[in-house]
Protein chains: 2
Amino acid sequence: MKGILVIADGLGGRPTDMEGRTCLEAARTPYLDELADRGAVGLVDPIGPGIRPGSDTAHLSLLGYNPHELYTGRGVFECLGIGLDVRPGDICFRANFATVEATKDGLRLVDRRAGRIESGQEELAATVGTMRLKTPGVEIQFRASTEHRGALLLRGKDLSPHVSETDPHEVGAAIHTARPMAGGAAAKRTAAAVNELTCQSHEVLKDLPLNRERAAAGKLPANILLVRGAADCPHIPSISSIYGVRGAVIAGGALYRGVALACGLDSIDVPGATGGLDTNLRAKAEATLAALATYDLVFVHIKGTDNAAHDQNAAAKTAFIERIDAEFVAPLLERLDWRSTHLAFTGDHTTSIDYGDHTADPVPVLFVGANVRRDDVTSFNERSAARGGLLRFSGQVLPMLMSLANRCPKFGS
Amino acid sequence: MKGILVIADGLGGRPTDMEGRTCLEAARTPYLDELADRGAVGLVDPIGPGIRPGSDTAHLSLLGYNPHELYTGRGVFECLGIGLDVRPGDICFRANFATVEATKDGLRLVDRRAGRIESGQEELAATVGTMRLKTPGVEIQFRASTEHRGALLLRGKDLSPHVSETDPHEVGAAIHTARPMAGGAAAKRTAAAVNELTCQSHEVLKDLPLNRERAAAGKLPANILLVRGAADCPHIPSISSIYGVRGAVIAGGALYRGVALACGLDSIDVPGATGGLDTNLRAKAEATLAALATYDLVFVHIKGTDNAAHDQNAAAKTAFIERIDAEFVAPLLERLDWRSTHLAFTGDHTTSIDYGDHTADPVPVLFVGANVRRDDVTSFNERSAARGGLLRFSGQVLPMLMSLANRCPKFGS
């Protein structure tokens with residue numbers, strides 16, 4: 001039997017409209033309601049009650065891992081998701097192109113997003129790619145992603161994730177010197193490499209033709225690369241080694257693809273899957289249906305719900321949920337072979353419109369398929385889920401889905 | 001106040017019949033329903049949500065222990081349950097009589113169950129009992145149980161549970177040589193002892209009159225003893241030391257008796273308690289009522305539910321649940337002193353008819369007695385339990401029962 005896990009990012013909500021409804025309650029979702037009617041619903045605390053989850057830690061927990069034990073930082077997943085070949089011992093960073101100005105007291109931050117540069121990232125990345133460190137035996141790999149963002153890794157012997165960041169996060173502040181945050185030679189050596197790459201990035205970027213053109217056009221130059229969130233590669237037992245399944249991820253956002261790759265899933269590229277509100281949900285549904293021909297497990301990540309909520313736009317979140325229902329859920333409902341497939345649908349956390357960020361509220365979850373103990377709830381939202389047959393539990397949605405598909409290993413005998 | 005804990009093995013189910021009912025839903029259980037009406041119900045994840053339990057780990061968890069910390073393997077409980085005197089430092093194994101044939105490449109497996117031998121186990125066990133190892137200071141203890149099964153322990157200084165098994169689990173394959181699975185002299189020495197006992201068992205068993213008779217009757221000879229699941233004795237604080245109660249177990253199956261003995265309970269033998277579908281449930285009820293004269297806690301294990309489900313026989317599971325209700329629950333309901341007794345009734349996991357094995361689905365649980373916060377659920381099954389006053393929780397059924405009996409230690413002050 002096969003399984004589909006759908007995570008709509010930031011799906012959960014808080015009372016938002018005049019009637020005290022969440023976006024999911026306000027949205028018209030006949031297909032999700034049909035799945036709820038056929039299956040069982042409940043509330044899931046992505047990591048645990050009262051724990052306000054990040055997207056990375058929440059995904060690890062929903063996939064059955066303990067983020068308190070495994071999580072080293074977001075950088076690893078960004079590096080993987082962006083296509084870098086992360087190996088044990090590598091130190092991964094999130095990176096951003098920024099604008100600095102040289103003063104008599106050194107480099108000071110003008111804009112940590114270099115005016116959210118909209119083009120030329122390949123030229124910037126190629127320039128970073130020419131950098132060679134003097135720190136012996138340490139090599140840099142870098143890729144740009146969207147706007148000012150990118151991911152960077154250091155490879156070499158005796159490196160450590162225990163180094164502080166260079167991004168001061170404050171306009172006018174001096175660029176931070178990376179400091180070793182632990183004893184021993186490895187942290188010192190890694191901090192030295194980070195400081196060297198920070199200075200060198202300013203040297204190679206500041207006079208780029210691209211930056212001269214930006215200055216001429218009144219735009220901020222991308223004249224330094226800042227790094228943060230040093231993380232080494234955690235040992236994550238693969239989903240295939242645990243459940244004996246072949247699995248794939250369909251996700252527009254690099255972070256989610258990165259988490260799934262770290263858990264041993266293959267990534268399926270879907271044209272039009274952007275990780276934004278403009279994503280092609282019908283294409284993702286088609287890709288899911290097609291993937292089931294070769295994979296036992298398909299994990300689909302849908303990001304737009306979270307984007308709308310971070311933008312504090314209730315109407316956009318509600319409308320996007322309705323699009324998920326009509327353009328993604330409807331085709332699956334109609335065309336899946338429900339005798340041999342189980343589906344779980346949930347979010348990785350609540351993202352509140354009012355707060356514009358993740359909160360610790362639990363998230364509705366539904367399971368549907370032949371082995372599910374159907375309950376009498378016939379709609380899918382935060383309040384109906386609280387009356388469902390699954391009650392409330394923490395994380396572990398993938399192991400439950402794998403158990404429904406009779407693919408779960410036994411602990412004990 | 002006194003407590004009774006009843007675990008019906010593999011009680012939980014999945015939708016099975018044409019109406020989507022589980023066996024427990026389909027069964028007519030007026031006495032369990034009466035207990036549910038008088039008490040409170042809920043769903044218990046035997047170990048935790050999404051964890052597919054073995055019977056041994058599930059029992060430890062329901063009895064209030066953390067199997068992730070304590071569990072070393074099933075062998076210890078099999079040895080204890082079969083009546084071996086397990087001491088700290090002993091290495092316990094599950095063992096089975098098998099049939100091998102000698103080839104020019106060594107011993108090859110013909111049948112790992114020696115044709116599920118039905119008689120003569122005492123003679124085989126006595127023969128194994130004559131074996132003396134050359135490995136200095138290492139002693140063997142062995143007992144046969146049902147059919148081809150038995151349990152074996154090695155006693156001596158400097159032994160290790162980190163040795164591989166000798167059972168190849170595959171017809172035609174060579175008998176495995178036990179290998180040390182950890183560094184150090186102890187694992188090497190233990191592996192040597194296991195290999196010696198394997199060879200010696202073939203030598204002493206192959207020409208037994210019993211085996212010559214079996215061969216003459218066209219049956220497979222029990223001409224070797226294979227061992228697996230090496231485990232050392234975990235340190236389990238006794239139930240009496242934790243709760244200050246005298247407790248006893250009534251169980252036909254050796255494994256469950258073994259778990260209870262490891263937790264410091266006494267074992268009460270009940271004639272006719274077989275650990276099978278033919279068990280004498282009325283005798284177990286009588287023994288439970290009698291035991292309450294001398295014990296504060298009686299743990300009763302009933303195995304047939306699980307046997308029927310492993311055989312994928314829904315009718316047999318449903319019928320056995322009805323027998324538990326009429327022959328075991330009814331006498332307790334009628335004759336217990338409910339002013340001074342609390343009872344918990346649950347299963348150690350779900351065993352699905354369709355899958356024929358344990359699954360991670362939660363299990364209905366009920367508590368009844370004077371201290372229970374009665375809820376408005378009036379029947380006992382997977383779906384009614386999801387609407388009960390106890391909601392959903394993980395393991396810990398015995399500590400809850402002991403708290404209702406006002407016998408639970410305080411954590412903190």
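**Strands, rings and chain copies**

Me: Which residue stands opposite Ile7(A) in S10(A)?
Reply: This is a predicted model. Strand S1 (residues 2-8) of chain A pairs with strand S10 (residues 297-302) of chain A in the parallel sense, over 6 bridges. In S10(A), the residue opposite Ile7(A) is His301(A).

Me: Which strands of chain A are the edge strands?
Reply: The open sheet has 8 strands, with mixed pairing. Its order is S9-S8-S10-S1-S11-S14-S2-S15 in chain A. An edge strand pairs on one side only, and in chain A these are strand S9 (266-267) and strand S15 (391-394).

Me: At about what angle to S10(A) does helix H11 of chain A run?
Reply: Helix H11 covers residues 281-291 of chain A. This helix lies across S1, strand S8 (247-251) and S10 of chain A. To S10(A), the helix runs at about 170 degrees.

Me: Which residue is the bridge partner of Phe93(A) in S6(A)?
Reply: Strand S3 (residues 91-103) of chain A runs antiparallel to strand S6 (residues 149-155) of chain A. They are joined by 6 bridges. For Phe93(A), the partner in S6(A) is Leu152(A).

Me: Through how many residues does the hairpin join S3(A) to S4(A)?
Reply: S3(A) and strand S4 (residues 106-111) of chain A pair antiparallel over 5 bridges. Thr103(A) stands opposite Gly106(A) in S4(A). The hairpin between S3(A) and S4(A) passes through 2 residues.

Me: Which kind of aromatic pair do the rings of Phe345(A) and Phe380(A) make?
Reply: Over all chains, the structure holds 6 aromatic pairs. The Phe345(A) and Phe380(A) rings have centres 5.8 Å apart and planes at 85 degrees. Planes over 60 degrees apart count as edge-to-face. So this pair is edge-to-face.

Me: How many residues apart in sequence are the parts that the Phe345(A) and Phe380(A) pair ties together?
Reply: Phe345(A) lies in strand S11 (residues 341-346) of chain A. Phe380(A) lies in the loop between strand S14 (363-368) and helix H14 (382-385) of chain A. The pair therefore ties together parts whose separation in sequence is 35 residues.

Me: Are Phe345(A) and Phe380(A) buried or exposed?
Reply: Buried means under 20% relative accessible area. Both Phe345(A) and Phe380(A) are buried.

Me: How many chains does the pair of Phe411(A) and Tyr71(B) join?
Reply: Phe411(A) and Tyr71(B) form an edge-to-face pair, 5.9 Å centre to centre with 80 degrees between the planes. Phe411(A) lies in strand S16 (residues 410-411) of chain A, and Tyr71(B) in the loop between helix H4 (67-70) and helix H5 (75-81) of chain B. The pair therefore joins two chains.

Me: How many residues of helix H15 of chain A are buried?
Reply: Helix H15 spans residues 397-404 of chain A. Among the buried residues are Val397(A), Met400(A) and Leu404(A). The helix is largely enclosed by the rest of the structure, because the buried count is 8 of the 8 residues.

Me: As by which rotation axis are the two copies related?
Reply: Chain A superposes on chain B with an RMSD of 0.2 Å. This takes a rotation of 122 degrees and 0.2 Å of shift along its axis. The two copies are thus related as by a three-fold rotation axis.

Methods:
Residues numbered from 1 in each chain as written. Chains lettered and ligands numbered in written order. Predicted model: local features only at pLDDT ≥ 70, side-chain atom pairs only at ≥ 80, totals over all residues. Heavy atoms only, no water. Phe/Tyr/Trp six-rings, centres within 6.5 Å; stacked < 30°, edge-to-face > 60°. Helix = DSSP H or I, 4+ residues; strand = E, 2+ residues; numbered from the N terminus. Buried < 20%, exposed > 50% of the residue type's maximum accessible area, 1.4 Å probe, protein only. Pairing = 2+ DSSP bridges. Contact = heavy atoms within 4.5 Å. Axes fitted to C-alpha atoms, helices over the stretch in contact; angles between N-to-C directions. Least-squares fit on C-alpha atoms with pLDDT ≥ 70 in both.
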